Amino acid sequence: MKNFGFNRMSLALVAAALVVGCSSGVKLNQPPVEDKGAASTNGGNGASQSGVAPVDLNATQGTAQGPVDVARIIYFDFDSYSVKPEYQSVLDAHARYLKSHTATRVTLEGNTDDRGGREYNLALGQKRADAVRRALGLLGVPESQMEAVSFGKEKPAVQGFSEEAFAKNRRVELTYH
């Protein structure tokens, strides 16, 4: 009988360990996204250290549409998905364009820097893309014209482990199609 109680306790400890081990460490409990906008600076590419090809922030896409001479990248602070007030004019320009070109769709690609785990960064990238989607929605852009996706840390704009490289990778890119 004593052995039966020990087995039940062992089973309970194993089950508790599995629950703790499988739980996500993703914590994104920050203030809600405010209706604030974006402006951007395009950066250059750093030297590759991980073997992943960086994204060329200065490249123009062959069939890219969208407002002319308006930034297509919105940058974020570390561990944040709040759209900064300085990006409002960029969001306004994209919203005006999308509302006047109703057949055009935009993909909002959320990205993060290299710090943090894969799961956390995918969640944070999605929160960033969703924040831009909500901001554009508040400006009157229909949901049917927007898609928010996350690449997490898998699509770096700049390789490297400096704060400058990290800052260029914490972004949402607006890709028209």
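Which backbone oxygen lies 3.0 Å from a polar atom of the side chain of Gln145? The backbone oxygen is that of Leu98, and the separation falls under the definition of a polar contact, a pair of N or O atoms within 3.5 Å in which, within protein, one must be able to donate a hydrogen and the other to accept it, while residues adjacent in sequence count only if both atoms are side-chain atoms. The model is predicted, and local features need pLDDT of at least 70, side-chain atom pairs count only at pLDDT 80 or more, and totals for chains, interfaces and linings use all residues. Residues are numbered from 1 along each chain as its sequence is written, and side-chain values use heavy atoms, with hydrogens and water left out.

Gln145 is placed in the loop between α3 and β3, where helices (H or I, at least four residues) and strands (E, at least two) are DSSP runs numbered from the N terminus. At 3% relative accessibility Gln145 counts as buried, a term that stands for under 20% relative accessible area, with exposed meaning over 50% and partly exposed in between (1.4 Å probe, protein chains only). Leaving aside neighbours within four places in sequence, Gln145 is in contact (heavy atoms within 4.5 Å) with Leu98, His101, Thr102, Thr104, Arg105 and Val106.

Strands pair if DSSP finds at least two bridges between them; 6 bridges join β2 to the parallel strand β3 (residues 146-152), and Asn111 stands opposite Gly152 in β3. From β2 the chain crosses through helix α3 (residues 118-138) to β3 in a right-handed β-α-β crossover, meaning that, with the strands pointing away from the viewer, the path from the first strand over the helix to the second runs clockwise.

Strand β4 (residues 171-176) runs antiparallel to β2, to which 5 bridges join it; Leu108 stands opposite Leu174, and Val106 opposite Tyr176. Another 3 bridges join β4 to strand β1 (residues 73-75), also in antiparallel fashion, with Ile74 opposite Val172. In β4, too, 6 of the 6 residues are buried, so this strand is largely enclosed by the rest of the structure.

**Aromatic rings**

A search of the whole structure finds 2 aromatic pairs, a pair being rings of Phe, Tyr and Trp (its six-membered ring) with centres within 6.5 Å, whose planes count as stacked under 30 degrees apart, as edge-to-face over 60, and as tilted for the rest.

| Pair | Centres apart | Angle of planes | Class |
|---|---|---|---|
| Tyr97 and Tyr176 | Tyr97–Tyr176: 5.5 Å | Tyr97–Tyr176: 85 degrees | edge-to-face |
| Phe161 and Phe166 | Phe161–Phe166: 6.5 Å | Phe161–Phe166: 75 degrees | edge-to-face |

The pair of Tyr97, in helix α2 (residues 88-100), and Tyr176, in strand β4, links distant parts of the chain, 79 residues apart, and both Tyr97 and Tyr176 are buried. In the other pair, Phe161 counts as exposed at 53% relative accessibility, whereas Phe166, at 7%, counts as buried.

Charged groups also sit over rings, which requires NZ of Lys or CZ of Arg within 6 Å of the ring centre and within 35 degrees of the ring normal. The charged end of Lys127 lies over the ring of Tyr81, 5.5 Å from its centre, and that of Lys155 over the ring of Phe151, 4.5 Å from its centre.
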